[in-house]
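Let's take a walk through this structure together. Have a look at it first, and then we'll go through it piece by piece.

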Amino acid sequence: MSAGRFLLQRVTGALIVLIAVSTLVFGLLELAPGDPARSVLEARSGGRVPAEAAVAVQREAMGLSDPLPLRYLAWVTDALCGDLGTSHLTGRPVSGLLGPALVWTLVLALAATVLSVVGAIAVGLLAALTDSSMLRRGIEGTMFALGGMPGFVTALLLLYLFAGQLQLLPTGGVGRPGEALTAGSLVAHLALPAAALAFGHHFGVYVRLVQTGVERIRQAPHVESARARGLHPSTLTRRHLLRPGLVPFVTRLGVGTGGLLAGAYVIEVIFAWPGLGRLAIESARAEDYPVLTATVLVTAVYVLAANLAGELAASRLDPRVRLPPLQGEAVHGY
Amino acid sequence: MRALTRGVALGLTSLLTLALAACGEDGTGASGAQTDNTLTYAIDRTPDTFNPVMLLEHTDPVTQMVFRGLVGHDADNQVVPALASDWTVSSDGLTYHFTLREGLTWHDGEPLTSADVKFTLDAVSDPASEAAVAVNFRAVESVEALDDTSVRIILSRPHAALLDALSMGILPEHLLAETGITDPDFGLDPVGNGPFRLVDFRNDQYAELEAFDDFYGGPPQLEGIFVTYVPDASARQLQLESGEIDAAYIDPQQADAVLQEDGLRLEAFPTADYRGLLFNMERPVFEDPALRQAMNHAVDREALVDGVLLGYGLPATGPLGTSPFGQAGVPAYSFDPAMVTELMSEAGYSRDEEGPWTKGGQAVEFSIATFAEDGVRVALMEVVTTQLREAGFAVTADPLPRDAVQWDELDAFVIGWGTPYHPDTSLTGPFDSSQVLAEGGENLGSYANPRVDAALEAGRVAQDETATAAAYEEFSRAIAEDPPYTWLVYLQALNAFPADFVGPAERTLEHHGYGLFWDVENWHWE
């Protein structure tokens, strides 16, 4: 299969998933109990229970009495034109809310991904290549503990230690209010949420994947032969161990992005990060459906794109990924 | 691969350098409290709008700083001049005449005149208005701007709560004439007339406000205020301790930590926000007033305040407990198990040693619900359930998600209402028989009592303090004898402020502690 066809196939698959997700989300919201008109009124009066008469007027004003297929069709048409609707609560375009939130979530996710990739490769290689069984067992034990700890616990521990006790790092937000955003202040504000996200989600699994990926290949005949040829250990590690050994990890990394984003929802609330997750939680709480559907849609696009990127990266690292296994020939090595 | 390794190494190095540089910049990256003449205050949620006509009894801090109404409230919640310097009300209560201060200006420098007042009031009293506050202006028939500084409002029926309603912010006609008062863009980029103007707003981050030197009360003492949005209560506490923020709205769980922190002061203000156990009067089990009186004696309110609110609350024995009107002279319900037995026995109920009260073979049996999302209400529900069971009422607790609540299908519900202003705003809806649920109203328990209706009507038309006080005292007596609820507690609003900061003067606040920024122009560092 050519790289172009591989790409085309994957993108088509992603589009189908996207359409399914959007239909599902729209349908689920329709089935969800509750009345957005009531929620809007409650929000405007600080939680006061609205009168039924007022709810009826509000429903009419929000166009909630149109039949469902009609509303779905209108929504899809608008979404294709880049119009994601209007927030029930603020009356402003959803895209205006979503844009900045998406950027902040991307910044956070990117920082967390860099941290967890670099960290997992370094720790995983160390565990795979070390001669000290104590070190290996230490790493494995730590990763086991980390893997069993929910992301928000990691977050609160980091917060307590670095912001509460040591007061080394700021606890929340993307910068100090009213000050121009500088790289230094951004990195300082990113440090804790990114670390919580990186080390609180799948990090133990990643390390393990790097470690086992490299360990298995280490014994493969071609590596033995390269070693016997007297190849320099660092070249051996780089060319023969790391590159193919990372394939399972990279593929998993793409899938893990979905989990990372789910983790970001909680992390953003704890660290007052103005991203997509916080927007989704706030809009779900307020039943601001247009914002909620749009955040789910954008999240779906993001996860699909990340999965695609993971697959493409894996196929570059090892071309066999994009080839269907031939009859009678199993793919060995991992 | 080599390029990748080098790239990663480079990235890591620059990250580290940046982190170190960040530390070098201001010592820790989380330096101490502001030393300039500003205040940084954190609340949990970003508001959806700063437009005062879109917020009913829900005065967000920014909105309160940016907008002022014709009148305001003082520390005792009495109506005092604001944009209007004085006013008169005709003896029939139908004509209001307001005189504006001279030289009022909007934050953009345009003059504020009676035309703006007419524009705003016309819009909110329009029957088709989408403004959340429209409900307060239904009695307004017409508004006239007599000259630049005088306005006449004519009502179709007396409505004594109108003065309090006129504390709502006035909106600029020159910016909203085209788009209407509910313009969503204006809601997040408002131009007001209050002591501070909004210069920057970042959703889910912060609002930046700057002193408005042409404010009618003179320039505010602080130069600027930041309101930051930090959803997690523990995170707000950590930010207070690290000095990232100066002040914050906090939960009772954080109060101890604030009290122990040098340099911080805890402000626990009373609020008009009460919780009560609403009875669905359509249920035959609640028919006898004696039974509802007995339940009011079966609840240990001190235990609720101490156990659920960690001491930050007050016992509630009626809906006007923190109001300047109406509960004085009315005997308050006390926790009195002997009284429960007496009232129940007199009403013909009997019980075995361990069993519930029964009458004619029917046990007093019902379930209590509340919003499952509201932790305080759920805790109150659980403790009240236990207390009522101990007093011989066969009660079960059943929290419901907000969306699953069907008012007509409930037996009883932990509900909350209350206003620190004219009582009518939060009494007619919940207790007047014209507002019952079946008619689409807020009287969710379908409570009907002609004496209560008459007292509420007297309160709406009363033109002086004596008549008002008399009307609401009569109301309080009527509901004490025929209780629609078992009254539980009043909540307090907790805020942390720096010890060396002169902040808000104490005042009974709106629910959720709204209204804290009422005297923000006087706040200053010592």
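**Charges and overall build of chain B**

In chain B, the average position of the 26 positive charges and that of the 85 negative charges lie 4 Å apart. Here Lys and Arg count as positive and Asp and Glu as negative, with His and the chain ends not counted; each charge is placed at NZ of Lys, CZ of Arg, CG of Asp or CD of Glu.

Before we go on, a word on the ground rules: this is a predicted model, where local features need pLDDT of at least 70 and side-chain atom pairs pLDDT 80 or more, while totals for chains, interfaces and linings use all residues. Residues are numbered from 1 along each chain as its sequence is written, chains are lettered from A and ligands numbered from 1 in the order written, and side-chain values use heavy atoms, leaving out hydrogens and water.

Chain B holds 15 helices and 21 strands (DSSP runs numbered from the N terminus: H or I of at least four residues for helices, E of at least two for strands). Its radius of gyration is 26 Å, close to the 24 Å that the globule rule gives for 526 residues, so chain B is as compact as a globular protein of that length. That radius is taken over C-alpha atoms, and the rule is 2.2 Å times the number of residues to the power 0.38. Of the 526 residues of chain B, 56% are buried, meaning under 20% relative accessible area, with exposed being over 50% and partly exposed in between (1.4 Å probe, protein chains only).

Now zoom in on Ser446(B), in the loop that links helix 13 (424-431) and helix 14 (450-461) of chain B. Is Ser446(B) buried or exposed? With a relative accessible area of 15%, Ser446(B) is buried. Leaving aside residues up to four places away in sequence, Ser446(B) touches Met281(B), Glu282(B), Val436(B) and Leu437(B); a contact means heavy atoms within 4.5 Å.

The expected span is 1.5 Å times one less than the number of residues. Buried residues of helix 9 of chain A include Phe203(A), Tyr206(A) and Ile217(A).

Helix 11 of chain A has 13 residues, yet its end C-alpha atoms are only 15 Å apart, short of the 18 Å a straight helix would reach. Among its buried residues are His240(A) and Leu241(A).
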